[in-house]
Amino acid sequence: MARPVVFSGIQPTGSIHIGNYFGAIKQWVTGQDDAENIFCLVDMHALTVPQDPAALRAQILETATVLLAAGIDPAKSRLFVQSDVREHGELTWYLSCVAAMGQLGRMTQYKEKSEAQRGEVRVGLFAYPLLMAADILLYRTTHVPVGEDQKQHIELTRDLAQRFNAAYGGVFVLPEPAIPAAGARIMGLDDPTKKMSKSVAGSYHAIRVLDPPEQIRKAVMSAQTDSGREIRIDPARPGVTNLLAIYMAASGTSAAEAEAHFAGARGYGDVKKELVDLLVETLRPLRERYAELAADPATVHELLCAGADAVRPIARATADAAKRAMGV
Ligand code: ADP
Ligand code: NA
């Protein structure tokens, strides 16, 4: 059987936080030997909401540098910037000619985001799932690691591939969603009922992997807790549950081990202090490696160009197959 092809995308829309790191990037790094891995900085997706061009350009470089610092190895995996491979835009058009308006209108994320945007909703926001489908289908992807929130888009991708294959012949491989095995879900420190996200503002919402130790300390110490003193996982107490989730992810312990570890703690203060030290130490190698790589942006740029050069022939072959099948 052919090797599985795993495609993962990340939006360069803000600094990488520990939710991205423990929930996704760490698994990407450890899984590099198990499959053909394609990691894409999806900068064209970022354009579906207004962006400052200079900030976006800087964020693309920062995100790439963080991924390399975290251990994405260009010798094993492909790492590239979406807009460097023009076939993403090209295939989006072909897919838009088989997709129905109603299908896209039913996407939950579109409904939520377009309501939040009010006033002018851009066509790009509506068409976003087509670009995502193109990202996946171009590389004959077999597995797409995604959270629950993206499953609907994977189903749409499969549906579009099936519609296309039925109308024009078997061009596309149907991808499967892959729910990450040890996918920690980290919540916001300021509000542990909402997931930690790049797109949420606030100085103590997230811990970014590049935060200096003092910022990590302030964020953890200010984390919202709940009443009760017992250090235990309990859905009714999202604050302490989130602190434990972060501890488990950073220390590689199970729930039972983490609870046992803190059995003698006198309160949240003890847990927070230990968490600060653990996070500072866990993130130190990444931060140090980042500083080295960031001193040489030309090398990072070259790696991204090499990544794009490596995947472009695959993308070109798929786009050509789709193009010919459609008669153009
Ligand atoms: P964000 O919401 O921070 O912008 P993305 O949508 O770019 O994150 O997701 C990048 C990757 O990080 C995805 O694989 C996603 O599942 C994962 N991820 C994002 N936020 C979290 C979180 N709070 N906890 C765990 N994983 C997360
Ligand atoms: Na996001």
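A: Start with contact: two residues are in contact if their C-beta atoms, placed from the backbone, lie within 7 Å. Not counting residues up to four places away in sequence, Val 173 touches Arg 140, Thr 141 and Thr 142. The model is predicted, so local features need pLDDT of at least 70 and side-chain atom pairs count only at pLDDT 80 or more, while totals for chains, interfaces and linings use all residues. Residues are numbered from 1 along each chain as its sequence is written, and chains are lettered from A and ligands numbered from 1 in the order in which they are written.

Q: Where does Val 173 lie, and how far is Val 173 from Thr 141 in space?
A: Helices (H or I, at least four residues) and strands (E, at least two) are DSSP runs, numbered from the N terminus. Val 173 sits in the loop between α8 (151-168) and β5 (176-178). Val 173 and Thr 141 are 32 residues apart in sequence, and their C-alpha atoms are 6.8 Å apart.

Q: Is Val 173 buried, exposed or partly exposed?
A: The class comes from a count: a residue is buried if 20 or more other C-beta atoms lie within 10 Å of its own, exposed if 12 or fewer, and partly exposed in between, with C-beta atoms placed from the backbone. Val 173 counts as partly exposed because it has 16 C-beta neighbours inside 10 Å.

Q: What is the phi of Arg 140, one of the residues that Val 173 touches?
A: Arg 140 has a positive phi of about 50°, although it is not a glycine. Arg 140 lies in the loop between α7 and β4 (143-145). Arg 140 is partly exposed, because 17 other C-beta atoms lie within 10 Å.

Q: Which helix holds Asp 135, and for what does UniProt list Asp 135?
A: UniProt positions are given in the numbering used here, feature names are shortened, and annotations may be inferred rather than shown by experiment. Asp 135 is listed by UniProt, in an unreviewed entry, for "binding site". The helix is α7 (residues 123-138). Asp 135 is buried, since 27 other C-beta atoms lie within 10 Å. Beyond four places in sequence, the contacts of Asp 135 are Phe 7, Gly 9, Cys 40, Val 42, Gln 82 and His 88.

Q: Which residues touch the most other members of the largest nonpolar core?
A: A nonpolar core is a set of buried Ala, Val, Leu, Ile, Met, Phe, Trp, Tyr and Cys residues joined through C-beta atoms within 7 Å. The largest one here has 84 residues, and Leu 67, Leu 95 and Ala 133 touch the most other members. The element that gives the most to this core is α7, with nine residues. Outside four places in sequence, Leu 67 is in contact with Ile 25, Phe 39, Ile 72 and Leu 79.

Q: How is the protein divided into domains, and how far apart do the C-alpha centres of domain 1 and domain 2 lie?
A: Domain bounds come from an automatic or database domain assignment. They give domain 1 (5-184 + 296-326) and domain 2 (213-292). Their C-alpha centres lie 32 Å apart. Seven residues of domain 1 are in contact with six residues of domain 2. On the domain 1 side, α1 and α3 (53-70) are the elements that give two or more residues, and α3 gives the most, with four.

Q: Which residues come nearest to ligand 1?
A: A residue is near a molecule or strand if its C-beta atom, placed from the backbone, lies within 6 Å of it. Of the 16 residues around ligand 1, those that come nearest are Gly 19, Gly 23, Ala 24, Ser 197 and Lys 198. Helix α1 (residues 18-30) supplies the largest share of this shell, four residues.

Q: Which strand holds Val 81, and is Val 81 buried or exposed?
A: Val 81 lies in strand β3 (residues 78-81). Val 81 counts as buried, because it has 21 C-beta neighbours inside 10 Å. Leaving aside neighbours within four places in sequence, Val 81 is in contact with Leu 41, Asp 43, Ile 60, Leu 304 and Ala 308. Val 81 and His 301 are 220 residues apart along the chain, with their C-alpha atoms separated by 10.0 Å.

Q: How far apart are the C-alpha atoms of Gly 102 and Gly 252?
A: They are separated by 44 Å, at 150 residues along the chain. Gly 102 is in helix α5 (residues 101-105) and counts as exposed, because it has 7 C-beta neighbours inside 10 Å.
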